[in-house]
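Please look through the structure below with its charged side chains in mind. The paragraphs that follow take up some of their pairings one after another.

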Amino acid sequence: MVPLSLTHFTAPLPCAIHGAKQLILQCTNHEQHILQGSCISEKITLRRTLVLSAFVSTCVFPTLSSYAKTKTKNPYDEKRLLQQNKRIQQENNAPEDFPNFIREGFEVKVVAPDNYTKSDSGLIYRDFEVGKGDCPKDGQQVTFHYVGYNESGRRIDSTYLQGSPARIRMGTKALVPGFEEGIRDMRPGGKRRIIIPPELGPPVGPSTFFSSKQFEVFDVELLSIQNCERRTIAFYSDVVCN
């Protein structure tokens with residue numbers, strides 16, 4: 001109910017509401033004036049002032065939906081950030097079909113073609129060549145080439161430029177978690193692009209190569225898989241991989 005403080009009227013005063021900002025009160029007289037929510041007629045005299053309180057109920061006024069300051073993504077901003085990322089990648093000579101990243105603060109959206117696959121862990125990959133043979137197992141050594149990129153498409157590391165492939169034993173936690181997951185089901189001769197999310201990426205800090213949590217992209221070529229065994233000679237022990 002609307003709390004109203006009313007005194008006696010000499011004539012009825014039926015009113016209708018047409019807006020939230022102005023109240024149009026239709027009076028019995030043909031001539032009417034709309035003045036800040038009151039209906040004043042020249043032929044009707046009010047003995048006392050009509051006082052309307054500021055409290056309005058839903059039975060008289062239409063309910064206004066509440067407004068909360070919620071953060072909504074602007075499609076225009078996403079489009080602008082996407083174009084900006086594409087332009088930067090082009091300047092950095094990123095490879096063909098390189099994924100795009102829409103970064104807004106700590107939130108990152110990966111934009112990649114449909115031929116990429118996303119695993120349950122959040123790892124995203126695409127096979128360019130599948131390869132042949134068995135997949136590597138824990139304890140085996142893998143030999144591979146790779147090229148690493150950041151979100152801007154800038155090359156951050158490459159075994160091709162170093163002149164020799166990398167060799168790592170699987171299951172020894174010597175690789176970044178996302179990298180090891182990405183090559184675990186590869187076969188010798190296979191080529192794959194791996195998009196590693198920050199939670200599966202390298203550690204971040206002043207003592208590491210990476211200064212911030214970003215997606216990392218690696219183009220990997222698995223060259224071979226070797227079996228390994230432990231060799232002990234007197235007091236010396238090591239692992240030999242063939």
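Asp 185 and Arg 192 are joined by a salt bridge in which the closest N and O atoms lie 2.6 Å apart, a salt bridge being a side-chain nitrogen of Lys or Arg within 4 Å of a carboxyl oxygen of Asp or Glu. This is a predicted model, in which local features need pLDDT of at least 70 and side-chain atom pairs count only at pLDDT 80 or more, while totals for chains, interfaces and linings use all residues. Residues are numbered from 1 along each chain as its sequence is written, and side-chain values use heavy atoms, with hydrogens and water left out.

Arg 192 is buried, with a relative accessible area of 5%, whereas Asp 185 is partly exposed at 39%; here buried means under 20% relative accessible area, exposed over 50% and partly exposed in between (1.4 Å probe, protein chains only).

A search of the whole structure finds 10 salt bridges. Another of them pairs Asp 238 with Arg 231, the closest N and O atoms being 2.9 Å apart, and in this pair Asp 238 counts as buried at 14% relative accessibility, while Arg 231, at 39%, counts as partly exposed. Elsewhere, salt bridges that share partners join Asp 127, Asp 185 and Arg 192 into one network.

The side chains of Arg 184 and Asp 138 also meet in a salt bridge, at 3.0 Å from N to O. Of these two residues, Arg 184 is partly exposed, with a relative accessible area of 30%, and Asp 138 is exposed, with 54%.
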